[in-house]
Amino acid sequence: MAENRQGESRAAGHGRGPILVAVDFSAHSEAALLLASDLADGLGVRLVVLHVVHDPLNMPGYYARMARKKTLTRMEDIAGEMLDAFLAEARKKHPQRQALQKPEVLLVKGIPVTRILQVAQKQKAGLLVLGSKGMTGLRHLLLGSVAEQVVSLARLPVTIVKDLAKD
């Protein structure tokens, strides 16, 4: 077991940030969640599960702002329910994964790439895990647009996970 200058242990999990996994309820993000939970269990670190609720499209005018505020509230409520169901299903299918049993769960609103990177920095994440393609249906050669942008902008290690059963 390695020790640092103060004589403290650097065993798995000590001095490392949590593993942050961003999910959008796609099959690829489920695969990312499972890998992230395995890594968190193996390293003895916290698992933080993040979902970013997209801001509604900009609409001009005073009434549009009020409508957007109400729409966003409803979107957040629905996204929260979907996130709870997504995690409950993962726990049910994989009860042996300890990190899945009580992860820290975050639901934030904004532009996904920006918010994922902000949350990773705020959480002092040691690793960011996300699915290779999301639910948007956009096809890029290798990665979805969010994953592609996160990889290029992140200042921490990023692991991209494919759901091989779907490809």
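Is serine 132 buried or exposed? In this predicted model, serine 132 is buried, with a relative accessible area of 1%. Serine 132 sits in the loop that links strand S4 (127-131) to helix H5. Its side chain forms a polar contact, at 3.2 Å, with the side chain of histidine 28.

The protein has 167 residues, and 39% of them count as buried. Its secondary structure consists of five helices and five strands. Read from the N terminus, the order of the elements is β-α-β-α-α-β-α-β-α-β. Among contacts in the protein with a separation of 6 or more, 73% are between residues 24 or more positions apart.

Helix H1 spans residues 27-43 and includes serine 37. Alanine 32 also has its place in helix H1. Alanine 32 is buried, with a relative accessible area of 0%. Leaving aside residues up to four places away in sequence, alanine 32 touches Val21, Val129, Leu130, Gly131 and Val161.

The side chain of serine 37 reaches the backbone oxygen of leucine 34 at a distance of 2.9 Å. When residues up to four places away in sequence are not counted, serine 37 touches Leu47, Arg97, Ala99 and Leu100.

Phenylalanine 25 lies in the loop between strand S1 (19-22) and H1. Although phenylalanine 25 is not a glycine, its phi is positive, at about 75 degrees. Phenylalanine 25 counts as buried because its relative accessibility is 16%, below the cut-off of 20%. Lysine 124, found in the loop between H4 and S4, is another residue other than glycine with a positive phi, in this case near 55 degrees. Lysine 124 is exposed, with a relative accessible area of 64%.

The packing of helices H4 and H5 was also described. Two packed helices are described by the angle between their axes and by the distance between those axes. Helix H4 comprises residues 112-123 and helix H5 residues 145-153; their axes lie 9 Å apart and the helices pack at an angle of about 45 degrees. H4 and H5 are therefore oblique to each other, since angles of under 35 degrees count as roughly parallel and those of 65 to 115 degrees as roughly perpendicular. The crossing in which H4 passes H5 is right-handed. On the H4 side, Pro112, Val113, Ile116 and Leu117 take part, and they meet Val146, Gln149, Val150 and Leu153 of H5. By class, this contact of H4 with H5 has seven nonpolar residues, one polar residue and no charged residues.

Notes
Residues numbered from 1 in each chain as written. Predicted model: local features only at pLDDT ≥ 70, side-chain atom pairs only at ≥ 80, totals over all residues. Heavy atoms only, no water. Axes fitted to C-alpha atoms, helices over the stretch in contact; angles between N-to-C directions. Helix = DSSP H or I, 4+ residues; strand = E, 2+ residues; numbered from the N terminus. Parallel < 35°, antiparallel > 145°, perpendicular 65-115°, else oblique. Left-handed = near helix turned anticlockwise from the far one by under 90°. Contact = heavy atoms within 4.5 Å. Nonpolar A, V, L, I, M, F, W, Y, C, P; charged D, E, K, R; others polar. Polar contact = N/O pair within 3.5 Å; in protein donor to acceptor, adjacent residues only side chain to side chain. Buried < 20%, exposed > 50% of the residue type's maximum accessible area, 1.4 Å probe, protein only.
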